[in-house]
Amino acid sequence: QVQLVESGGGLVQAGGSLRLSCVASGSIFSFNVMSWYRQAPGRKRELVASITSGGLTNYADSVKGRFTISRDNAKNTVNLQMNSLKPEDTAVYSCNADRAGIVLTRYWGQGTQVTVSS
């Protein structure tokens with residue numbers, strides 16, 4: 001069973017930066033796509049950023065130019081560098097790993113809270 005453990009969340013002032021990390025319990029080579037999602041109170045979960053096994057990235061319009069996703073296969077880690085944070089970035093951020101096959105298998109971390117004060 002794959003486990004994803006996030007870290008790096010916290011409280012930061014608007015304009016500040018945080019770096020989230022997601023460490024997998026095993027190799028991430030088999031994951032086709034790894035992503036960061038977020039969910040704010042009263043809102044639906046949304047995709048923040050994703051990265052394929054080949055390194056292709058995708059970002060939500062709201063974070064383009066401010067957030068950067070990266071993966072380190074040697075360390076089984078996916079990171080999310082968040083700069084120029086805004087109060088509207090406040091949410092629980094969760095790591096996701098997808099493995100394609102006959103059926104799509106999805107794994108989720110427990111989430112980490114990011115709070116941006118104005």
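**Reading loops, strands and rings**

Author: Ser 84 lies in the loop that links β8 and β9. Strands are DSSP E runs of at least two residues, and helices are H or I runs of at least four, numbered from the N terminus. The model is predicted, so local features need pLDDT of at least 70 and side-chain atom pairs 80 or more, while totals for chains, interfaces and linings use all residues. Residues are numbered from 1 along each chain as its sequence is written, and side-chain values use heavy atoms, without hydrogens and water.

Reader: What is the phi of Ser 84?

Author: Most residues other than glycine have a negative phi. Ser 84 has a positive one, about 50°, and is not a glycine. Asn 76 also has a positive phi, of about 55°, again without being a glycine. Asn 76 sits in the loop between β7 (67-72) and β8 (77-82).

Reader: Is Asn 76 buried or exposed?

Author: Buried means under 20% relative accessible area, exposed means over 50%, and partly exposed lies in between (1.4 Å probe, protein chains only). Asn 76 has 19% relative accessibility and counts as buried. Ser 84, at 41%, counts as partly exposed.

Reader: In what order do the four strands of the open sheet stand?

Author: Strands pair if DSSP finds at least two bridges between them. Here the order is β1-β3-β8-β7, with antiparallel pairing. β1 (4-7) and β7 are the edge strands; each has a single partner, so one side of each lacks a neighbour in the sheet. Neighbouring strands are turned by 15° against each other on average, direction ignored (axes are lines fitted to C-alpha atoms, for helices over the stretch in contact; angles run from 0 to 180 degrees between N-to-C directions).

Reader: How many bridges join β7 and β8?

Author: Six, in the antiparallel sense. Look at Thr 68: Gln 81 in β8 stands opposite.

Reader: Which residues does the disulfide join?

Author: A disulfide is a covalent bond between the sulfur atoms of two cysteines. The cut-off is a sulfur pair within 2.5 Å. This structure holds one. Cys 22 is joined to Cys 95, S to S 2.1 Å. The link of Cys 22 and Cys 95 is left-handed, with -80° about the S-S bond. Cys 22 lies in strand β3 (18-24) and Cys 95 in strand β9 (91-99), so the pair ties together parts 73 residues apart in sequence. Cys 22 is buried at 0% relative accessible area. Cys 95 is buried too, at 0%.

Reader: Which rings does the charged end of Arg 45 sit over?

Author: The test needs NZ of Lys or CZ of Arg within 6 Å of the ring centre and within 35 degrees of the ring normal. The charged end of Arg 45 sits over the ring of Tyr 37, 5.7 Å from its centre. The charged end of Arg 45 also sits over the ring of Trp 108, 4.0 Å from its centre.
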